[in-house]
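Welcome! Let us walk through this structure together, starting with a single side chain and then stepping back to the whole.

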Amino acid sequence: MSVLSKLIDHALLHPTLTDAELEAGCRLAIQYDVATVCIKPYAVSRAAQWLAGSHVGVCTVIGFPHGSNAMAVKVAETIQACRDGATEIDMVVNIGKVLSEDWTYVRQEIQAVQEACQQQEALLKVIFENDFLPADAYKIKLCEICTEIGVAFVKTSTGFGYVKQPDGSFQSQGATLADLQLMLDHIGPNVAVKASGGIRTLEQVRHLQAMGVRRIGTSSTSSILNE
């Protein structure tokens with residue numbers, strides 16, 4: 001149980017979650033001894049208090065969920081989050097810049113946030129939002145940039161990357177096996193992969209662990225570990 005639980009970042013990111021629900025989520029995270037709670041940015045300082053004395057870390061999101069914040073704002077968000085008690089940062093890349101193939105900007109932004117994390121002694125996970133990237137070449141290039149910069153993790157999805165379908169509905173695939181294998185194949189030895197988006201069963205978690213995925217983002221922690 002403990003090995004599996006330490007793969008999990010327990011996600012508390014849905015915009016409707018109340019303060020009481022966030023606190024309850026932190027209590028649940030302590031109960032299951034997960035790796036971190038990934039919590040909405042305004043609640044980082046409270047989460048640090050709720051998790052004090054446990055072995056559960058505080059993670060938060062930057063530029064969430066669409067990555068469109070100005071670079072300086074992402075850096076400022078990162079510094080503020082770390083000062084509030086976050087030790088891990090999940091940042092969404094600037095998706096429009098990725099699709100524009102403005103790799104100079106993309107590299108500069110990831111580097112700037114990485115440097116802020118290093119100054120604050122925090123780990124950086126870079127979210128690609130693969131649902132929005134129509135070709136593997138974008139994901140491969142991001143893996144190469146993240147490896148060059150030396151971030152801790154590359155991550156598949158926010159869980160909120162809904163794409164409009166031909167019938168007008170919006171759907172998100174999240175962490176697909178094909179994307180995860182692609183990312184595992186194109187990162188360097190010092191970068192790990194975090195799977196996030198649509199992970200709800202113990203079977204999925206065990207399969208991802210066997211593939212080599214080192215962290216899993218999910219809000220289904222209780223049902224997974226109770227299996």
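Is Glu-148 buried or exposed? Glu-148 is exposed, its relative accessible area being 55%; here buried means under 20% relative accessible area, exposed over 50%, and partly exposed in between (1.4 Å probe, protein chains only). Please keep in mind that this is a predicted model, where local features need pLDDT of at least 70, side-chain atom pairs count only at pLDDT 80 or more, and totals for chains, interfaces and linings use all residues. Residues are numbered from 1 along each chain as its sequence is written, and side-chain values use heavy atoms, with hydrogens and water left out.

Glu-148 has a partner: a salt bridge joins it to Arg-107, with the closest N and O atoms 3.3 Å apart. A salt bridge is a side-chain nitrogen of Lys or Arg within 4 Å of a carboxyl oxygen of Asp or Glu. Glu-148 sits in helix H7 (residues 136-149) and Arg-107 in helix H6, so the pair ties together parts 41 residues apart in sequence. Helices are DSSP runs (H or I, at least four residues), numbered from the N terminus. Arg-107 is partly exposed, at 28%.

Now look at Lys-74 and Glu-109, another salt bridge, with the closest N and O atoms 2.9 Å apart. The pair links helix H4 (residues 71-84) to helix H6 (residues 103-119). Lys-74 is buried at 0% relative accessible area, and Glu-109 is buried too, at 1%.

Stepping back, the count comes to 15 salt bridges, and buried residues make up 50% of the 227 residues.

Definitions and conventions: Helix = DSSP H or I, 4+ residues; strand = E, 2+ residues; numbered from the N terminus.
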